[in-house]
Amino acid sequence: MNFLSCEPLTDAELEYLDKILLKFGNDHSVLNVSELDGFLTAIVSGPQAIMPSQWFPALWCKIGDTREDLEWESEQECQRFMSLLMQHMNSIAATLMEAPEEFEALLQVNTQAEPPVLIAEEWCFGYMRGVDLGQWPPLPDEMDTWLYAIALHGREENFSVLDTLTLEEHQQTVADIEPAVRKLHAYWLAQRTPTRQAPLRAEPKVGRNDPCPCGSGKKFKHCCLH
C-alpha cells in the first residue's frame, strides 16, 4: 500500500473532477469541484476519521442513501477519478497539518462583477455536508461561532440573513471562512490526538475483484465499474 501524492492538483486535474461530478450529478449530489473541496475539507477536519467507504457514497446522494446508477465509461475513468480525489483530499489534509496559514478554499468567483465577487455558497454547502456525515457533536461557543461563519453560507435557513447584507458585508463574511476552517481543524485535531496525523493511505488502483470503494459490499466489477 502506497502513499498517494499530497501535491495540489493542477487546473486541468480539477477540471477533470468537475467534469465527472457534473456527469453524474443530480439534485442530491456534490455538483462541482468547489462543493467537493468544501466537503473534503470538513472530512479531514472533523472529530474522527471517516473512511472512504463512508464518505464516497455521500458524494452522489443523500447521506444514508445508496446510488447504483454510476456507469463509468471504463475502469481507467474510475481509477483516475479516485486517484485525483484522494490526492486532493491528501493535499488539503497536508496543508492544514503543516502550513494551515496557506490553506485556500476553492471558492467560485463572479468575474463579471467589478471588482470580482467571491461566491461561497456551494463550497460551504459541501463543508456542511461533511459536518453532517461526520456527525459533529456540539461545539463550545467560540468554536460554534467559527462554524456559523461557514454555516451562514452553507445552510438554506441562513439565506434570509445573507439577503440583508450589503455586498461589502457579504464579502467580509466570505473572508471569515478560511480562518474558520483553520480554527475548526486545529480544535478537532487537539481533541483527537496529540500525535501527528499522517497523510491518508489509499490504494491508487482498485482491482476488478476488489471490494468497491463506494462501500456497497459488492465487487468493483459488479458495482461502480459496471
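## The chain as a whole

A residue is called buried when under 20% of its relative area is accessible. In this predicted model, buried residues make up 45% of the 226 residues in the protein chain. The accessible surface of the chain comes to about 12000 Å², and carbon and sulfur atoms account for 51% of that surface.

Nine helices and two strands form the protein chain. Reading from the N terminus, their order is α-α-α-α-β-β-α-α-α-α-α. Among contacts with a separation of 6 or more, 70% are between residues 24 or more positions apart.

## Helix H5

Let's turn to one helix. H5 covers residues 121–134, which makes 14 residues. From its first C-alpha to its last it reaches 20 Å, close to the 20 Å expected at 1.5 Å a residue.

H5 is mostly covered, with eleven of its 14 residues buried. Among them are Trp123, Cys124, Tyr127, Met128 and Leu133, as well as the glycines Gly126, Gly130 and Gly134. After H5 comes Gln135, which has a positive phi near 50 degrees.

## A closer look at Thr41

Thr41 belongs to helix H2, which spans residues 33–45. Thr41 counts as buried because its relative accessibility is 0%. A polar atom of the Thr41 side chain lies 2.6 Å from the backbone oxygen of Asp37.

Beyond its neighbours within four places in sequence, Thr41 is in contact with Ile92, Leu96, Phe103, Trp123, Tyr127 and Val181.

Definitions and conventions:
Residues are numbered from 1 along each chain as its sequence is written. This is a predicted model: local features need pLDDT of at least 70, side-chain atom pairs count only at pLDDT 80 or more; totals for chains, interfaces and linings use all residues. Side-chain values use heavy atoms; hydrogens and water are left out. Helices (H or I, at least four residues) and strands (E, at least two) are DSSP runs, numbered from the N terminus. Buried means under 20% relative accessible area, exposed over 50%, partly exposed in between (1.4 Å probe, protein chains only). A polar contact is a pair of N or O atoms within 3.5 Å; within protein, one must be able to donate a hydrogen and the other to accept it, and residues adjacent in sequence count only if both atoms are side-chain atoms. Contact means heavy atoms within 4.5 Å. Accessible areas come from the Shrake-Rupley method with a 1.4 Å probe; for residues, only the protein chains shown count as cover. The expected span of a helix is 1.5 Å times one less than its number of residues.
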